[in-house]
Amino acid sequence: MRPTSFVIGGIELDDNAKAVTVDGEPVSLTPKEYDILRFLMQNAGTVFTPAEIYRRVWDDIPLNAAGAIAVHIRHLREKLEINPAEPRYIKVVWGKGYKMEVNPI
């Protein structure tokens, strides 16, 4: 059985309730933002290319995935991070992709 909730740092995702909180405060995400966050939290510490994220979250062929994923990641950071310009949770690994930090500082 797969876990139904994930906690990384101050972010808590409850998949049964489809709810996300940051430091106890509810955060409103679009369905795709939620799906991307859930995917990254389920696979914390693993780096995924934009095409891999697109393929896994949309279950579709990743045409022009990099731009779409970059926009969603930016929106997630704006909603989850204290300072989106210096993200603690969703990190970019230059030339490779994105990952959810396992132990954010």
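Is phenylalanine 48 buried or exposed? Phenylalanine 48 is buried, with a relative accessible area of 7%. Buried means under 20% relative accessible area, exposed means over 50%, and partly exposed lies in between (1.4 Å probe, protein chains only).

## About the model

This is a predicted model: local features need pLDDT of at least 70, side-chain atom pairs count only at pLDDT 80 or more, and totals for chains, interfaces and linings use all residues. Residues are numbered from 1 along each chain as its sequence is written, and side-chain values use heavy atoms, leaving out hydrogens and water.

## Aromatic pairs

A search of the whole structure finds two aromatic pairs. Phenylalanine 39 and phenylalanine 48 form a tilted one, 4.6 Å centre to centre with 55° between the planes. Phenylalanine 39 is buried, at 7% relative accessibility. Tyrosine 54 and tryptophan 58 form a stacked pair: 4.4 Å centre to centre, 10° between the planes. Rings of Phe, Tyr and Trp (its six-membered ring) pair if their centres lie within 6.5 Å; planes under 30 degrees apart are stacked, over 60 edge-to-face, and the rest tilted.

Tyrosine 54 and tryptophan 58 both sit in helix H2 (residues 50-58), four residues apart, about one turn of the helix. Helices (H or I, at least four residues) and strands (E, at least two) are DSSP runs, numbered from the N terminus. Tyrosine 54 is buried at 13% relative accessibility. Tryptophan 58 is partly exposed at 22%.

## Helix H3 and arginine 77

In H3, the buried residues are Ala65, Ile69, His72, Ile73, Leu76, Arg77 and Leu80. Seen down the axis of H3, they fall within an arc of 140°, so they line one face of the helix. The arc is that of the directions from the helix axis to the C-beta atoms.

Arginine 77 lies in H3 (residues 65-80). Arginine 77 is buried yet has no salt bridge. A salt bridge needs a side-chain nitrogen of Lys or Arg within 4 Å of a carboxyl oxygen of Asp or Glu. The nearest side chain of opposite charge, glutamate 81, is 5.3 Å away. Lys and Arg count as positive, Asp and Glu as negative; His and the chain ends are not counted.

## Alanine 44

Alanine 44 is in the loop between helix H1 (31-42) and H2. At 28% relative accessibility, alanine 44 is partly exposed. Alanine 44 and methionine 100 are 56 residues apart in sequence, but 4.8 Å apart in space, C-alpha to C-alpha. Leaving aside neighbours within four places in sequence, alanine 44 is in contact (heavy atoms within 4.5 Å) with Ile8, Met100 and Val102.
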